[in-house]
Amino acid sequence: MEKIDFSAKGLGSIIVLSGPSGVGKSTIIKKVREKMPELRFSVSCTTRPMRQGEVADVDYHFLSKDEFLRRREAGDFIESADVFANCYGTLKSEVMSIAENGENVVLDIDVQGALQIMDKAAKDPLLAKEVEFIFIVPPSMEELERRLRSRATDSEEQITLRLSKAVHELSFWQKYEWLIVNDDADTAAEKLYWLIRNFSLGVRKH
Ligand code: 5GP
């Protein structure tokens with residue numbers, strides 16, 4: 001995969017947000033963007049079918065498996081992963097055009113994808129300076145299960161799958177720099193909002 005040039009001046013923060021499926025990432029991001037409309041969202045590519053209420057090229061770029069594999073082969077993704085038997089990937093072009101414009105961009109990606117970006121950041125000090133890794137955790141596994149069931153979008157089999165992936169994903173929390181417990185979506189969104197405000201003010205871990 002070709003190396004990305006992160007030497008551009010005034011890069012905005014690249015905010016990588018992970019957390020188990022059903023923890024409420026999308027809701028939190030939506031709430032933060034209502035207060036901070038300038039915060040950009042990296043629209044991922046996926047091969048999974050569109051859900052009711054989703055809008056193509058707003059929630060995801062919905063691609064066929066062939067198209068996804070072609071783009072992956074062409075090196076179009078910063079990271080990509082197979083999640084629940086579907087492919088997901090973050091477009092290099094999407095993130096870099098936003099960050100190079102000095103804007104903050106949030107990526108809602110799973111742990112596999114975040115680990116790939118952590119790997120890149122470990123080799124690229126300029127990227128490391130601009131990327132922030134945030135993990136959203138549920139207050140308990142019982143609460144996560146309750147939330148997954150109340151979404152009513154998944155079958156029993158999918159819920160079991162999502163719960164076992166959640167246990168695996170949660171074991172990676174220490175890899176992340178920031179942790180937000182989502183016991184209440186408004187409070188969690190407020191915490192994320194202030195964290196991002198601090199990044200914009202130049203508060204950095206290094
Ligand atoms: P969903 O299908 O429920 O929208 O997302 C399932 C999981 O895929 C979520 O944990 C979400 O964070 C993750 N995901 C969404 N887009 C990407 C992506 O571009 N890359 C990776 N690695 N994971 C993604």
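Visitor: Where does Phe84 lie?

Guide: In this predicted model, Phe84 is placed in the loop between β5 (77-83) and β6 (86-91).

Visitor: What is stated about the phi of Phe84?

Guide: Phi of Phe84 is near 50°, which is a positive value in a residue other than glycine. Most residues other than glycine have a negative phi. Ala85, in that loop between β5 and β6, also has a positive phi, near 70°.

Visitor: Why is Ala85 called exposed?

Guide: The relative accessibility of Ala85 is 77%, and exposed means over 50%, so Ala85 counts as exposed.

Visitor: How do you know that the charged end of Lys165 sits over the ring of Phe84?

Guide: The charged end of Lys165 is 5.4 Å from the centre of the Phe84 ring, and the cut-off for the distance is 6 Å, with a further condition on the direction from the ring normal. Lys35 likewise lies over the face of Tyr193, at 4.1 Å from the ring centre.

Visitor: What makes Phe133 and Tyr176 an edge-to-face pair?

Guide: Their ring centres are 6.5 Å apart and their planes stand at 85°; because rings pair within 6.5 Å and planes over 60 degrees apart count as edge-to-face, the pair of Phe133 and Tyr176 receives that name. Phe133 belongs to strand β8 (residues 131-137), whereas Tyr176 belongs to the loop between α7 and β9 (178-181), and the two are 43 residues apart, so that the pair links distant parts of the chain.

Visitor: Why are Phe133 and Tyr176 called buried?

Guide: Buried means under 20% relative accessible area; Phe133 has 4% relative accessibility and Tyr176 has 7%, and therefore Phe133 counts as buried, as does Tyr176.

Visitor: What describes the way in which helix α6 and helix α7 meet?

Guide: The axes of α6 (residues 141-151) and α7 (residues 156-170) come within 10 Å and cross at roughly 145°, and the crossing is right-handed. Among the residues that make the contact are Leu144 and Leu148 of α6, together with Ile159 and Leu163 of α7. By class, this contact of α6 with α7 has eight nonpolar, no polar and five charged residues.

Key
Residues numbered from 1 in each chain as written. Predicted model: local features only at pLDDT ≥ 70, side-chain atom pairs only at ≥ 80, totals over all residues. Heavy atoms only, no water. Axes fitted to C-alpha atoms, helices over the stretch in contact; angles between N-to-C directions. Helix = DSSP H or I, 4+ residues; strand = E, 2+ residues; numbered from the N terminus. Left-handed = near helix turned anticlockwise from the far one by under 90°. Contact = heavy atoms within 4.5 Å. Nonpolar A, V, L, I, M, F, W, Y, C, P; charged D, E, K, R; others polar. Phe/Tyr/Trp six-rings, centres within 6.5 Å; stacked < 30°, edge-to-face > 60°. Buried < 20%, exposed > 50% of the residue type's maximum accessible area, 1.4 Å probe, protein only. Lys NZ or Arg CZ within 6 Å of the ring centre and 35° of its normal.
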